[in-house]
Amino acid sequence: AQPHLSLTAAMTTSPPPVSPDSPLEIIRFSHPHVLHFPVSPPAPSPLTLRLENLQPFATTFRIRLNKQHRYAVRPHCGILAPHAIIDIEIVLHPPTKLPLPPDFATPGACNDEIRVVVAALDDSRDRPSAAAEAMTPDAVMDMWKNIAKDRILVSRNLKVDIEVVSMAGLEARDGQVE
């Protein structure tokens, strides 16, 4: 079992600064290091990433992609109340034609990364409330523009593993079925 950060401070005080590389578990990830996508192109491949805020203070999260054209992420950002859980749907949209790109066709060759960044809300300005938790994604992204680096609690790159389990239904680029 990993140690948990324990705070007894009231919500009227700001959370203590924590290094993003801290060994303390701040946010629990359902997939802590690798996101495995079994893929049957051309069908999309969904995966659920669950985040759990283990803290007694609210946090905000955002998902960043190094290959945005391949993925749909919902929600891509939001507010996590103290001890709240959120399920984030990540859908990989594989190629629809053959030949597959090398990072799809070769096991272990995928260099896609999905970065999860979590920051403590500055409760003197961003007190968690029903209004904060109901913020639109655009409002949350605007808030991220003003988050100080010392508020970042976690910045984790999750590797992507793509396993092509079937290629039925793919067409060759010249229109011929393989």
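Is Asp 112 buried or exposed, and which salt bridges does Asp 112 form?

Modeller: First, the ground rules. This is a predicted model, where local features need pLDDT of at least 70, side-chain atom pairs count only at pLDDT 80 or more, and totals for chains, interfaces and linings use all residues. Residues are numbered from 1 along each chain as its sequence is written, and side-chain values use heavy atoms, with hydrogens and water left out.

Asp 112 is buried, at a relative accessible area of 1%. Buried means under 20%, exposed over 50%, and partly exposed in between, with a 1.4 Å probe and protein chains only.

Now its partners. A salt bridge puts a side-chain nitrogen of Lys or Arg within 4 Å of a carboxyl oxygen of Asp or Glu. Asp 112 makes one with Lys 67, with the closest N and O atoms 3.2 Å apart. Asp 112 sits in the loop between helix H1 (102-105) and strand S9 (113-120), and Lys 67 in the loop between strand S4 (59-65) and strand S5 (71-74), so the pair ties together parts 45 residues apart in sequence. Helices (H or I, at least four residues) and strands (E, at least two) are DSSP runs, numbered from the N terminus. Lys 67 also counts as buried, at 19% relative accessibility.

Arg 70 forms a salt bridge with Asp 112 too, the closest N and O atoms being 3.0 Å apart. Arg 70 lies in the loop between S4 and S5, 42 residues from Asp 112. Arg 70 is buried, with a relative accessible area of 9%.

A network of salt bridges links Asp 112 with Lys 67, Arg 70 and Asp 103.
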